[in-house]
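Biologist: I would like to go through this structure with you. Could you begin with one of the helices?

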Amino acid sequence: MTSTLTPKPVNPLVKILRWIFIRGRRDAPFKTLLIHTTLIIASIVAVYPVLRVVTISLRPNDTLLTTDLRIIPENATLDNYKEVLFGVPEENRKSDFFLWIWNSFSIVTVTSFISMILAAVSAYAFSRFKFPGRAAGLVFLLTTQMIPAGMLLLPLFIMLAQLKMINTALGLIIAYSVSSVPLTIWTLKGYYDTIPVDLEEAALIDGANRLTVFTQIILPLSTPALAIAFLFSFMGGWSEYLVARVVLQKNSTFTWPLGIFTYAQQFTVSWGQFAAASVLISIPVMILFLYSSKWLISGLTLGSVKG
Amino acid sequence: MEPKPSWRRFLPYVYWIGGLFVLYFLLNALISPYSSGITLNSYIVFDRIGGIGSFLFAIMVGLGLIEVYFYQNFFRQPRDVKTKIIVRGLQIFLGLFTLLSIFSFFEASGLYTLGDTFIGSFIRSPISLFSGLQSILFDILFDKGLSGLIVGLVLTLIISGIFIIIQKLCIPRFSRLGLPYLLVMPALIGILFLIIYPFLFEIKLAFSNASLGTQAIKKAQYGLEYGWENLKMLFTGTVANDAKFFEVFGRTILWTVINVTFHVSGGMVLALLLHRPMKLQGVYRTLLIFPWAIPTTIAAMALRNEFDNRYGLFNILLTDLNSWLTTLSHGTVNIFGLGNLFNYLAAHIGPVSWKQDPIWAFVSVLISNIWLGIPFMSVIILGGLQSISKEYYEAAEIDGASTWQQFRNITLPLLRPVLTPAIILGVVWTFNKFDVIYLITQGGPQEKTDILVSSMYKAAFQFYRYGFTAMFALVIFVILLIFTLIYLRAAGGLKSATE
């Protein structure tokens with residue numbers, strides 16, 4: 001009976017094994033190793049296809065088709081980039097790259113601003129006031145998400161054709177401008193809900209009017225959400241292909257997604273230039289996106305978590 | 001706080017404009033040595049800025065006038081009976097003017113044609129007034145844009161004058177509901193014009209025989225029998241070229257279910273792995289959202305390359321795997337039947353014809369879309385996880401709950417407010433998302449990878465069957481609506497979100 005009071009001597013091997021696999025409140029080394037391995041594999045799966053695009057863009061034109069899996073290819077050159085950016089003046093081939101970027105940029109910036117302003121203002125109403133039709137309006141906004149983008153495309157196309165706005169930047173601006181408004185309203189409403197009403201009430205008692213409250217309190221406090229709303233509609237429009245393809249049919253009005261497809265659809269498919277153009281376009285967008293990824297998480301979920 | 005001197009308040013704008021100019025000249029200087037090879041020039045830039053600027057200006061003026069109109073309706077009331085007649089008369093006139101303009105816009109964009117009847121010319125009267133004035137000015141100025149601008153400005157001035165008169169004749173009034181309605185108004189107008197109106201247009205198109213043969217809607221005929229014809233065609237005939245409706249519908253459901261399942265489970269796994277204090281967390285998170293950060297068009301094209309039969313990544317890997325298995329099967333002594341197993345594997349695992357085989361083509365688009373969609377879900381779920389208080393887990397641990405029990409009874413229920421909308425929207429978006437399919441396989445081979453929406457796109461813009469497409473779109477919309485209603489009822493509604 002007394003033997004139970006003295007602890008049994010534990011085999012040191014068992015001790016080590018126990019430390020590796022079960023380590024009390026913190027993660028055991030084995031578990032940590034497993035987690036890191038999984039995450040590393042997942043990261044490779046996520047990044048490698050993107051790196052392959054860089055590889056193709058660096059390949060010289062005579063070794064485009066190869067079963068090589070290295071990331072930096074043999075005889076890597078920047079010729080494709082030069083051709084994409086500045087054309088080949090010797091062969092009198094001009095580069096439209098900057099034109100496409102300009103088209104995309106001008107169209108998408110304007111539409112993002114329009115949708116952000118419209119959404120910011122009406123989300124404030126949905127968040128702060130009780131008025132007849134409010135709940136119905138919110139559900140209605142969600143219902144508009146059921147309408148496939150391709151579905152409104154046909155009537156929009158016919159309307160734009162009737163108004164002679166096919167092949168114009170304005171036509172595409174009109175087609176894009178409202179599509180992201182409903183969801184942006186939801187996101188921003190969720191964000192406004194998290195801002196305490198007391199702030200506004202205090203300002204109202206001090207004699208401020210609603211406009212001052214909105215511009216001096218709500219807008220500065222919701223800058224991150226506004227930035228996310230802007231970024232979302234910007235990203236949505238920036239790489240949009242299907243609507244643009246229908247509205248824009250002339251080379252000089254192309255946005256870049258249409259433009260880089262001219263590399264893929266000529267008689268000789270120039271994958272190298274296609275890849276180079278892709279890299280040039282992706283880099284700024286990806287930097288912006290990865291930089292803001294921290295806010296993205298908070299902005300996307302704040303509204304829904306509250307409920 | 002000292003009030004700033006008035007000119008100082010404009011300093012930020014001055015800096016911004018100065019910065020933009022510096023950037024412009026810098027870029028110009030950088031590019032000009034190569035500009036012989038570039039098609040973009042400053043004329044194009046300024047032309048676009050002018051066009052967009054006047055468009056935005058017109059929108060702002062229009063919205064502003066409408067806002068003022070409703071502002072006066074909500075917050076002003078006539079001083080006495082006499083002024084009431086004048087004020088209401090002016091307001092009715094303005095309202096009628098606006099309504100007629102909207103109706104004639106509907107006509108101009110092709111919703112209906114009124115012809116030269118009395119009603120038609122009555123409805124068109126504001127627009128004909130506008131264009132008449134513009135053509136008179138055009139004879140003098142020979143500039144369409146400028147004359148339009150002048151007419152627009154004059155019209156705006158007249159309307160503003162009327163507003164000032166009304167304002168003078170009225171006294172303030174309290175309105176509790178005025179402000180929210182005024183705030184919602186601009187977005188509502190935008191949605192009405194660009195979502196609701198096209199939707200009505202679509203319904204009208206669905207009951208027509210519009211196609212390339214009828215020059216879109218120019219010679220199209222409308223009637224219930226055409227709608228019935230379109231509907232019958234949809235369910236019995238071919239939807240694009242070869243495929244039948246129910247076949248494509250089944251594939252769409254498969255597409256949606258597989259995608260959403262993988263997105264949610266994959267996103268959940270990654271989020272759970274990332275949601276712990278550890279080294280390199282930021283690095284992993286950044287690397288893992290790469291597929292979301294890269295523009296979809298580029299990602300889809302890159303993946304299309306990787307599904308190439310000879311030079312694509314997947315077949316290279318599969319070929320390597322196959323040769324490895326073959327050498328193994330030759331090298332292994334046949335203990336425990338291992339050699340046979342490797343032999344069997346080598347015979348069955350190998351390069352796949354991603355483009356020609358319908359099943360593998362479908363698998364290829366599935367892989368691509370899953371790869372693209374997981375980061376979004378994991379980011380959403382990670383955000384949800386971060387909002388769950390740690391105390392629940394501590395309490396559960398004290399009570400002796402296992403990790404699985406904690407996940408089942410704490411994590412999942414508390415994630416529901418995040419997951420419910422994410423899953424609904426995920427299903428709807430995946431159901432409607434076909435850019436990946438369109439870019440990778442174009443629906444081929446023989447439309448065996450088409451889903452409903454991509455068939456619809458083809459029917460409209462490759463086969464030009466407009467009336468049919470409109471009916472098709474309505475059916476898709478109804479399907480999605482039914483799904484959402486069922487799901488909402490099952491998941492307990494959106495009450496918490498709309499309150």
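Modeller: Of the 29 residues of α14(B), 23 are buried, so the helix is largely enclosed by the rest of the structure. Buried means under 20% relative accessible area, exposed over 50% and partly exposed in between, with a 1.4 Å probe and protein chains only. Helices (H or I, at least four residues) and strands (E, at least two) are DSSP runs, numbered from the N terminus.

Biologist: What kind of model is this, and how are residues and chains labelled?

Modeller: This is a predicted model, in which local features need pLDDT of at least 70 and side-chain atom pairs count only at pLDDT 80 or more, while totals for chains, interfaces and linings use all residues. Residues are numbered from 1 along each chain as its sequence is written, chains are lettered from A and ligands numbered from 1 in the order in which they are written, and side-chain values use heavy atoms, with hydrogens and water left out.

Biologist: Back to α14(B): what distance does the helix reach from its first C-alpha to its last?

Modeller: Helix α14 of chain B, residues 358-386, reaches 42 Å, close to the 42 Å expected at 1.5 Å a residue. That expected span is 1.5 Å times one less than the number of residues.

Biologist: Where does α14(B) bend?

Modeller: The bend, of about 30°, is at G373(B), and the proline P375(B) follows within four residues. A bend is the angle between axes fitted to the seven residues ending at a residue and the seven starting there.

Biologist: Where in chain B is confidence lowest, and where is it highest?

Modeller: Confidence is lowest in helix α20 (residues 495-498), at a mean of 54, and highest in helix α8 (residues 245-274), at 92. The score is pLDDT, the predictor's confidence in each residue, from 0 to 100. Chain B averages 84, and 95% of the residues score at least 70. The model scores ipTM 0.82 and pTM 0.83.

Biologist: Turning to chain A, how many helices and strands does the chain have?

Modeller: Chain A has 15 helices and zero strands. Of its 307 residues, 53% are buried.

Biologist: Is S104(A) buried or exposed?

Modeller: S104(A) is buried, with a relative accessible area of 1%. This serine is found in helix α4 (residues 97-128) of chain A. Leaving aside neighbours within four places in sequence, S104(A) is in contact (heavy atoms within 4.5 Å) with W238(A), T255(A), W256(A) and P257(A).

Biologist: What about L221(A): which residues does that leucine touch?

Modeller: Not counting residues up to four places away in sequence, L221(A) touches Y191(A), I195(A) and L199(A). L221(A) lies in helix α10 (residues 210-221) and is partly exposed, at 38% relative accessible area.

Biologist: Which residues other than glycine have a positive phi?

Modeller: Among them are N167(A), with a phi of about 70°, and Y464(B), with a phi near 55°. Most residues other than glycine have a negative phi.

Biologist: Where are N167(A) and Y464(B) found?

Modeller: N167(A) is in the loop between α6 (149-162) and α7 (169-177) of chain A. Y464(B) lies in the loop between α18 (452-461) and α19 (466-491) of chain B, and is partly exposed, with a relative accessible area of 32%.
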